[in-house]
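Hi there,

Here is the structure I promised to pass on. Have a look through it first, and then read on for what I found.

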Amino acid sequence: MKGAVLYGPRDIRYVERAEPKIIEPTDVILRMSATCVCGSDLWPYRGIDARSQPTPMGHEYCGVVEEVGAAVKTVRRGQFVVGSFFASDNSCAICQAGYQSRCVHAEYVGAGGAQAPLLRVPLADGTLVATPELPPDELIPGLLAGSDVLGTGWFGADAAAVGPGKTVAVVGDGAVGLCAVLSARQLGAERIIMMSRHAPRQNLARAFGATDIVTERGDEAVAMIKELTAGLGAHSVVEAVGTQESMMQAIRCTRSGGHVGFVGVAHGVEVPGQELFYAEVHLHGGPAPVRRFLPKLIDLVLNRKIAPGKVFDLTLPLEQVAEGYRAMDERRAIKTLLLP
Ligand SMILES: [Zn+2]
């Protein structure tokens with residue numbers, strides 16, 4: 001089969017790769033229904049996360065189970081499944097507490113390179129959630145979103161303690177930030193402020209439930225959030241970028257006693273201790289335990305209560321994966337859907 005491989009900065013190729021095989025008896029092999037390019041794929045793509053050797057890319061996936069390992073108990077051949085980018089046993093103490101992304105047996109599913117027609121998923125019983133029947137094609141983008149971008153946005157909102165009556169601010173207008181807006185709406189937030197200066201993203205944020213748009217950045221954005229919240233700051237702030245500037249913007253937008261949910265993969269972020277001390281905010285985040293939220297998210301998509309698939313504004317055949325990365329890198333696309 002062919003699959004996407006990163007050879008160096010901005011050098012993605014669709015090349016011949018070995019087909020994945022069952023390695024552990026708890027594995028399954030999926031035939032991909034759809035996959036996509038993640039904002040976090042852009043870190044290695046831009047050479048910020050250096051790779052020492054050609055690396056298969058992609059960690060967002062949904063598809064039909066093609067082959068099942070001998071020890072797999074609940075997942076069956078022919079089922080449509082969605083899973084997280086981290087495989088988990090879903091049974092250890094950390095999983096039971098809802099932190100499957102840090103499972104004691106966690107394995108990075110993306111190591112197998114999901115931007116390909118076939119993917120090995122370890123710990124299948126703990127990792128994958130099956131739909132009751134094969135979903136219609138038009139719901140596949142929304143179900144795929146559950147694999148990472150929606151699950152991550154939802155975790156950001158959950159970690160920021162979003163709830164009824166709360167004012168929420170979202171830093172980052174990528175697909176995760178947009179999904180955080182959608183999640184905050186579902187979780188009953190009263191007011192949702194999206195920080196964005198790009199018209200198509202502002203429009204999607206409004207469609208997902210944003211009530212206000214702030215176009216300022218940095219200190220000016222903080223001042224604007226304070227102005228919109230009687231000088232106090234937001235109750236809940238989702239950080240969905242991962243830079244020093246975005247993290248400090250998120251902390252400074254949060255009122256004392258409030259919560260920051262940070263889900264942008266941190267790069268060079270250093271939080272000054274004294275400022276954190278006097279900010280008196282809750283900080284919670286990290287790689288999203290998507291598996292915790294997947295059953296609910298799949299249900300919301302199948303019942304057409306949410307349409308997170310709208311974050312995909314570019315659809316390409318898998319063999320044009322390089323153009324998919326370029327379009328996101330140049331911010332011509334919010335998120336690229338790839339069809340095998
Ligand atoms: Zn576990």
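Let me start with a residue on the outside: glutamate 280 is exposed, with a relative accessible area of 58% (exposed means over 50%, buried under 20% and partly exposed in between, with a 1.4 Å probe and protein chains only). Its place is the loop between helix H10 (273-279) and strand S16 (282-285); helices (H or I, at least four residues) and strands (E, at least two) are DSSP runs, numbered from the N terminus. Glutamate 280 is not a glycine, yet its phi is positive, at about 55°.

A word on conventions before the rest. This is a predicted model, so local features need pLDDT of at least 70 and side-chain atom pairs count only at pLDDT 80 or more, while totals for chains, interfaces and linings use all residues. Residues are numbered from 1 along each chain as its sequence is written, and side-chain values use heavy atoms, with hydrogens and water left out.

**Other positive phi values**

Most residues other than glycine have a negative phi. Arginine 10 is not a glycine either, and has a positive phi of about 60°. This arginine 10 sits in the loop between S1 and S2 and is partly exposed, at 47% relative accessible area.

With a relative accessible area of 41%, arginine 331 is partly exposed. Leaving aside residues up to four places away in sequence, arginine 331 touches Asp173, His198 and Arg201 (contact means heavy atoms within 4.5 Å).

As for H12 itself, its buried residues are Val321, Gly324, Tyr325, Ala327, Met328 and Asp329. They pack against strand S1 (2-8), strand S2 (11-16), helix H1 (42-45), strand S17 (314-317) and S18.

**The zinc site**

Which residues are the protein donors of the zinc ion? They are Asp89 (OD), Cys92 (SG), Cys95 (SG) and Cys103 (SG), lying 2.1 to 2.3 Å from the ion. Donors here are N, O and S atoms within 2.8 Å of the metal (3.2 Å for Na, K and Ca); water is not among the atoms, so sites may look incomplete. The arrangement is tetrahedral because the 4 donor atoms subtend angles of 94 to 124°, and four donors count as tetrahedral if all angles lie between 85 and 135 degrees.

The spacing of the donor residues in sequence is D-x2-C-x2-C-x7-C. Aspartate 89, in the loop between strand S7 (86-87) and helix H2 (93-96), and cysteine 103, in the loop between H2 and strand S8 (107-108), are 14 residues apart. Aspartate 89 is buried at 18% relative accessible area, and cysteine 103 is buried too, at 5%.

**A helix pair**

Helix H6 (residues 175-186) and helix H7 (residues 199-208) pack at about 20°, with their axes 8 Å apart. The axes are lines fitted to C-alpha atoms over the stretch in contact, and angles run from 0 to 180 degrees between N-to-C directions. H6 and H7 are therefore roughly parallel (angles under 35 degrees). The contact is made by Leu178, Val181, Leu182 and Arg185 of H6 and Arg201, Leu204, Ala205 and Phe208 of H7.

**One more loop**

Threonine 229 lies between helix H8 (218-228) and strand S14 (234-239), in the loop, and is buried at 6% relative accessible area.

Best wishes

Conventions. Four donors count as tetrahedral if all angles lie between 85 and 135 degrees; four count as square planar and six as octahedral if opposite donors are over 155 degrees apart and all others between 65 and 115; anything else is irregular. Angles under 35 degrees count as roughly parallel, over 145 as roughly antiparallel, 65 to 115 as roughly perpendicular and the rest as oblique.
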